[in-house]
Amino acid sequence: MCRPEKPLTTSNKALRELQEWLREHRSRTRQGYRALAVRAGCHPTTLQRAASGDTVPKLQTVLNYARACDAPPEEARLLWRRARYEQTRQARGGRGLPAPRPEFIRDFVDLSAAVQDLYEKAGSPPLRTLEQRAGGFGVLPRSTAHRIVTKQAMPHSLQQFQAYLRACEVPEADWPDWEAAWTRAWRHEKNDDVALQGLIRHEQLREAMEKAKSDMGRLTQRVVEQVTVVVDGKDEVVLSRNGTYRRLLPTQRSQPRTARRRPAQASRLLPGRSVQGQLAIPIGEPEAEAPALF
């Protein structure tokens, strides 16, 4: 005759479901905790605490309990993951939005929340375990796995993302949806980079134009009607004195010109008329030699 179990006091619904499942299988075998401990290879108090405590027991303890009761280990592992996931959420105070499903992932924010959720649903295993499950040394280093699960980095390649899915024990039948989500997030990130670079260049252009306006205002020796501003070696803008400007098309931008010399042309100096670039000085007829005074 088995001793009556202690009442369940945990607020973790998934943990309560796991403990009820363990108790049901122990009751089916009609074993006490001492006899069960012999088959499980654990201390009786450890098994009793696993079926009555307020915290999630270790996975190996649950598996040993299930094996001693001839219960399916796959179901025990699934129930333990749910209990561990719920405990992690309670430890965060229930803060944060639920992670999106793969088909709803658009950017790095969604993907980061989703990959962290995968890790927690896998039972938040140690990083060493993730590295081993991923396929060996170098496939998913512990340092990389730490940055991924703490939302500091994203898998930089599809192969690394597949290794992360394998480490979190995601069924391979679900991989195509996750791979498509990873591709969308990276494509969105690259588009944001292009837009950001365009915004930076726009700010550089505005600053260069303001500087050109200031320089034109200080030029008092001569009159300057317009000036060409070159930004980042790419954009060329013609700025007028009145403040208006226009952006030059690529075909209108300044190109190096080859100096060409025009052939010299003989020009005839006409009296009273000057040629461009020359100064006409009228010269009269030479005076006759003055007579000697002595």
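Select Arg81 to begin: at 17% relative accessibility this residue counts as buried, where buried means under 20% relative accessible area, exposed over 50% and partly exposed in between, with a 1.4 Å probe and protein chains only. Arg81 is found in helix 5, residues 73-91, helices here being DSSP runs of H or I with at least four residues, numbered from the N terminus. Show its surroundings next, and, not counting residues up to four places away in sequence, Arg81 touches Lys121, Ala122, Gly123 and Glu169, contact meaning heavy atoms within 4.5 Å.

The model is predicted, so that local features need pLDDT of at least 70 and side-chain atom pairs count only at pLDDT 80 or more, while totals for chains, interfaces and linings use all residues. Residues are numbered from 1 along each chain as its sequence is written, and side-chain values use heavy atoms, with hydrogens and water left out.

Now select Leu111, Tyr164, Cys168 and Trp178, which touch the most other members of the largest nonpolar core, a set of 27 residues; such a core consists of buried Ala, Val, Leu, Ile, Met, Phe, Trp, Tyr and Cys residues joined through side-chain atoms within 4.5 Å. Two or more residues each come from helix 6 (108-121), helix 7 (127-134), helix 8 (142-149), helix 9 (158-167) and helix 10 (175-218), and helix 6 gives the largest share, six residues. Apart from this core lies another, of 25 residues, among them Ala40, Ala76, Trp80 and Ala83.

Select Phe108 and Trp186, whose ring centres are 4.8 Å apart with planes at 85°, so the pair is edge-to-face. Because Phe108 lies in helix 6 and Trp186 in helix 10, this pair ties together parts that are 78 residues apart in sequence. Trp186 itself is partly exposed, with a relative accessible area of 24%.

Select Phe161 and Trp182 next: their ring centres are 6.5 Å apart and their planes at 25°, so this pair is stacked. Phe161 is buried at 0% relative accessibility, and Trp182 is buried at 11%. Phe108, Phe161, Trp182 and Trp186 form one aromatic cluster.

Finish with Lys121, which lies over the face of Tyr85 at 5.8 Å from the ring centre; a charge sits over a ring if NZ of Lys or CZ of Arg is within 6 Å of the ring centre and within 35 degrees of the ring normal.

Key: Rings of Phe, Tyr and Trp (its six-membered ring) pair if their centres lie within 6.5 Å; planes under 30 degrees apart count as stacked, over 60 as edge-to-face and the rest as tilted.
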